[in-house]
Amino acid sequence: MRRNNRIIAKAFRHFFIASVLISLIEQVNSLTDCIIVSHFISEDALSAIGLSSPVKQVVYAVLNLIMVGSSTLAAIKIGERKYKTVNRYFTVGIISVVTIVSVAYLLLIPKMDSLCRLLTDEERLLPYLCEYMPVAMINCIISAAASVVMTFTKIDGAPRSVTMCVILEGVANVIFDYILIGVVGMGIAGAAWATILSVMVSIAYLILRMKRKHSILHLEFHEIRKWYFTMFKNVIPVGIPIFVGTVSMAALRFFFNNVIQETEGADGMFVMTVFMQLMMLCAMFSTGAGGAACGIGGMLLGEKDNDGFCALVQNCLNWSCGLTVVVTAVLMIWPGFWSMVFGASAEMQAYSALPLRIMFMTFPPMCFTEIMSGVYNLQKFHKFVTVIMLTQLLLPLSLAIAAKYLAPHLIWYAFPVGSWVRLLMTVVVSYCISQKSRLLRFYTLVPICPENPGVDVRSRYDVSDFAKVIKDIWNFMDICVSNQVLRNRVLICVEEVANNIIYRSRNMNRDIEDVFSIRVIDENDRISVIIKEEGRPFNPIMKFEPSCEANVDEDMAPLMLLNGMCDNITYNYSNGINCIYLAFPLKLEERR
């Protein structure tokens with residue numbers, strides 16, 4: 001058997017680059033609001049936006065509870081080719097998020113002044129916060145719905161469409177910011193209204209894209225009363241750890257903001273706001289890698305490809321942690337420049353340089369921990385991940401409180417020291433779990449032995465090379481299946497698809513190391529075949545569910561003979577990879 005992870009690496013890069021661009025543009029959008037507010041209004045207006053973060057994070061905690069849970073389960077179901085279930089999770093995500101966030105908004109509106117006074121009693125900041133918060137809450141509702149659609153579009157294998165969506169949102173945001181703040185003079189509320197309008201532009205684009213590209217995603221309302229609450233209950237356990245993490249970060253922001261204001265005043269709050277904005281910018285690498293781990297990783301687990309999942313996790317860590325270290329180093333070299341970008345005076349730049357350098361050391365351990373938390377949550381280690389998320393609040397906050405009373409000049413060390421201790425705890429507990437259960441691999445916690453027996457081979461785009469690897473498939477089928485007719489049907493279908501892939505590749509100038517993959521799995525009641533190749537969308541078969549009828553190449557109609565030999569054939573183009581799935585029913589008496 002030969003294992004080559006080029007295809008997984010290709011899918012990861014496709015998803016990761018698009019996700020990083022999405023996160024980068026989203027952070028640029030946020031930075032645009034902050035920079036325009038700081039320059040057109042004042043530094044205190046920027047601090048007011050920072051003070052609103054705990055409330056926003058609580059709202060987004062509800063969003064993450066539903067969105068992460070539903071999208072993670074949907075990714076696994078895509079790998080299992082259960083598209084109807086995917087759309088049910090999509091429907092649960094949209095309806096639940098919009099309903100819950102809207103109810104929260106209606107409950108908070110009468111108490112908005114009290115809420116603002118809870119966030120700060122600083123007279124310089126309170127008027128700005130009271131003006132900004134009501135409109136910012138409306139933005140949370142609209143952004144929540146857009147986030148669900150974007151997340152599902154990414155796991156559907158189209159992150160580049162989401163990238164274009166976010167680019168449009170960013171451009172619209174800059175235009176609306178300038179008009180509403182700089183021209184109309186709406187003040188700090190104009191920044192929130194600009195974001196609302198730009199999100200509406202992005203939602204319109206996504207809806208048009210889904211209709212034009214014949215996406216598998218659509219809202220499923222058929223007999224919704226029978227399955228909605230059952231699926232909602234399935235979503236909650238998966239989403240709870242991320243919910244706890246988001247609430248913990250909101251609580252940390254709230255309490256840490258208060259400690260900073262008590263010890264460092266409004267100037268310290270400005271430094272904290274700049275740090276948080278840059279932390280979100282740096283988090284784009286862990287966000288991109290974490291999205292790939294859940295989106296692509298969920299599909300791989302659904303396909304029962306544990307080795308491929310481990311290779312994906314390694315790619316996530318290598319790329320995201322490496323890039324985070326580089327960006328952290330750049331930030332630490334010029335801390336004064338970044339505070340200047342946010343409108344700091346010369347005195348403020350000098351004051352913020354050391355605190356920012358210290359706090360930037362938070363980024364590398366946070367990146368690793370966040371990625372592994374997503375990996376563990378995907379594998380149902382929900383209690384472990386919940387503990388990791390709670391330490392995100394408890395460690396830095398306890399250190400900050402201790403520093404406040406014992407050594408106030410050390411308060412800026414609370415974040416980085418807490419993050420490094422959190423990373424150490426995660427690695428130690430992961431090691432203990434893997435040692436307790438000898439069947440799990442260290443740090444990924446993936447089972448060493450696969451759930452179902454199978455064979456996984458890679459072939460170059462060459463007939464003679466494929467002739468070598470087909471022997472491994474033949475030997476596997478000979479061991480598992482006694483029915484010679486079924487064995488021949490599986491082998492003929494594999495050869496037909498593989499030879500077609502090789503034939504099409506002759507004019508593509510492929511690299512000599514390029515390969516396509518074939519996996520054959522014994523799944524108790526069926527033999528499953530999964531064939532993947534990178535390249536442009538190509539659908540070699542005609543017999544699909546209606547939602548999958550896209551990108552059909554009429555010149556390859558001879559492959560229609562597969563429909564006579566396999567009754568269950570599906571095709572999916574995801575993250576730059578053509579995926580062909582074949583399933584052959586297997587009766588108990590047909591086993592060896």
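Let's start in the sheet: threonine 570 stands opposite tyrosine 581 in strand 5. This is a predicted model, in which local features need pLDDT of at least 70, side-chain atom pairs count only at pLDDT 80 or more, and totals for chains, interfaces and linings use all residues. Residues are numbered from 1 along each chain as its sequence is written, and side-chain values use heavy atoms, with hydrogens and water left out.

Back to strand 5, residues 577-585. Strands are DSSP runs of E, at least two residues; helices are runs of H or I, at least four; both are numbered from the N terminus. Seven antiparallel bridges join strand 5 to strand 4, residues 568-574. Two strands pair if DSSP finds at least two bridges between them. Strands 4 and 5 form a hairpin with two residues between them. In that turn, asparagine 575 has a positive phi of about 55 degrees.

What about strand 3? Strand 3 pairs with strand 5 too, antiparallel, over nine bridges. There, glutamate 534 has isoleucine 577 of strand 5 as its bridge partner.

Is strand 5 mostly covered or uncovered? Mostly covered: eight of its nine residues are buried. Buried means under 20% relative accessible area, exposed over 50%, partly exposed in between, with a 1.4 Å probe and protein chains only.

Now helix 17, residues 463-480.

Valine 171 counts as partly exposed because its relative accessibility is 47%.

How values were computed: The expected span of a helix is 1.5 Å times one less than its number of residues.
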